[in-house]
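Keep the coordinates open while you read.

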Amino acid sequence: MPRPATNLLRIMTKYGSQETVTEIQRETLYRLVQSDVQGEVFLPGDLWSSDFGGVVQRTPRVVVRPQNEQDIFHCFSVAKDVGITVSFRGAGHSCHGQTLSDGGILIENVDDSADFKLLDDGQVEVSSKTRWHNLEKGLNEQRRSIPVTTDYLHLSVGGTLSVGGYGIHSVTRGAQVDHVTKLRLLLPDGTSRWCSVNEHRDLFRFSLAGLGQLGFIDKVVTETVPHRRFTRLYKYSYRKIVEFLDSLTWMQGWSGAWPSHFCALVGYGQTLSEFGFEHSNQKEAEGHLNADISNDLLNPSFKGVFQDYRFTLHRSLTGYINSDKDVYRVWADYAFEYSNFRRFLLFVAALRFKGVFGSFLDRIYILAFRRPETPTAVSLLVFGTRPAPRQFWLADVQKPQRRFPLKFAAHVRLPSSLASGSTTRFPAATSER
Ligand SMILES: Cc1cc2nc3c(=O)[nH]c(=O)nc-3n(C[C@H](O)[C@H](O)[C@H](O)COP(=O)(O)OP(=O)(O)OC[C@H]3O[C@@H](n4cnc5c(N)ncnc54)[C@H](O)[C@@H]3O)c2cc1C
């Protein structure tokens, strides 16, 4: 429950404003927050003024790493009395300032413990601060696995479920939010609720992929699947993007359970796709290595069996992610059904050789989605299609940009203007409720 406000806070509200934060006010707020928080409280440093994208800068007044729900309720209460906002941050890997706070209280909710409990029905109850890496690792020890893991695994459970959450397994299992059956939400009025499709349905529906706008996701119950440790992997290389696109047409009518993973990459002068099949034992995986996937696919440039491929993928991405720190990272996702995906990819790929956009376009990472028959209430709006189809494609356009000159920020926004302006026909993917 909320704790009572103090007179000191009221004085601060009277003299404080979002724009003119003096050090004294920060210190005062710091003391007020700290007075009743068992976790850690910090005066902000650069660490919390930016995110992975590095494009947006905002500075909170106070940062809290909560230890329990009372800490969070205390932050809500203080913020309400002072008239400032509370924002949430998981691993801070958003690119456009979604986790930043402009003069408010920032709650940072991620740590390296694996705080979860496998339930009798095979579902798992997990704290939102857990990283997917640690959850998957812990589950594997109990022969279970998360249906859709993010490709990069150091993201937080609360963070990706507030965004949607997708990865190479989305090709058969949709988004991470499609597998959540219950969540515990801490609300700004100091109450908490377990929410599901049957209980507080609207809170459930709007907090998943809701960017933390309703409240704090504290715990989540999500499905698990049997752990299939061995991945039979096929990689394909294409000389032309059109060849790559043609090689995917069979997937439009395809409804099988396998391949269980797909991703593709256009960039660095190459176009590659990858299909995977998860197996519980090595012999079975190797036994199927020469099986055909589709007549539309030519000979793979590589095939083989990997153990714990999810972690291999994570490690390979970690290198890429940490490679160049002195850049703005402008990553934008666009979702389409196949025919528009095809047009979009050809359009953007052609821009690789043109002007400012071309010089900074790094790569286009592609995932395919097939959502379950009964997904969560969150329906993803796919460009040009209503209602959204169960199957669609996601193009993640990634652009690094040297930190100087700053004026380039206008050009860096090109994909968004491409998305919504008069210059092109392709709006960005958004969530539809
Ligand atoms: C290197 C990298 C790899 C990525 N890989 C993937 C991927 O494989 N799959 C994928 O789906 N996305 C991916 N993303 C995209 C996206 O940025 C992340 O899904 C998202 O940022 C989640 O991770 P996070 O813990 O960093 O969340 P943050 O970026 O910290 O937060 C994301 C949003 O959730 C809110 N939030 C955080 N915690 C809570 C909470 N407990 N309660 C309520 N709201 C909360 C925040 O306010 C914010 O709006 C990636 C991004 C980067 C930079």
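## Sheet, ligand shell and backbone

Phe88 stands opposite Ile107 in strand 4. This is a predicted model.

Q: In which sense do strand 3 and strand 4 pair?
A: Strand 4 covers residues 105-108. Its Ile107 stands opposite Phe88. Strand 3 and strand 4 are joined over four bridges, and the sense is parallel.

Q: What is the order of the strands in the open sheet of four strands?
A: The pairing in this sheet is mixed. Strand 1 (40-42) and strand 3 (86-89) are the edge strands, each pairing on one side only. Neighbouring strands are turned by 25 degrees against each other on average, direction ignored. The order is 1-2-4-3.

Q: What angle does the direction of helix 3 make with that of strand 4?
A: Helix 3 (residues 69-82) packs on the sheet. It touches strand 2 (62-65), strand 3 and strand 4. Its direction makes an angle with that of strand 4 of about 165 degrees.

Q: Which residues come nearest to the ligand?
A: There are 32 residues around the ligand. Strand 3, helix 5 (157-161) and strand 10 (216-222) each supply at least two residues of this shell. The nearest are Gly90, Gly158, Gly159, Ser162 and Gly212.

Q: How many residues of the shell around the ligand are charged?
A: The shell has 11 nonpolar residues and 19 polar ones. The charged residues number two.

Q: Is Arg143 buried, exposed or partly exposed?
A: Arg143 is found in the loop between helix 4 (132-141) and strand 7 (144-145). Its phi is positive, about 60 degrees, although it is not a glycine. A residue is buried at 20 or more C-beta neighbours and exposed at 12 or fewer. Arg143 has 13 inside 10 Å, so it counts as partly exposed.

Q: Is Ala209 buried or exposed?
A: Ala209 lies in the loop between helix 7 (201-207) and strand 10. Its phi is near 55 degrees, a positive value in a residue other than glycine. Because 22 other C-beta atoms lie within 10 Å, Ala209 is buried.

Q: Is the peptide bond from Trp258 to Pro259 cis or trans?
A: Pro259 lies in the loop between helix 8 (241-246) and strand 13 (261-267). Omega of the bond from Trp258 to Pro259 is near 0 degrees, and the bond is cis.

Notes
Residues numbered from 1 in each chain as written. Predicted model: local features only at pLDDT ≥ 70, side-chain atom pairs only at ≥ 80, totals over all residues. Pairing = 2+ DSSP bridges. Axes fitted to C-alpha atoms, helices over the stretch in contact; angles between N-to-C directions. Contact = placed C-beta atoms within 7 Å. Near = placed C-beta within 6 Å. Nonpolar A, V, L, I, M, F, W, Y, C, P; charged D, E, K, R; others polar.
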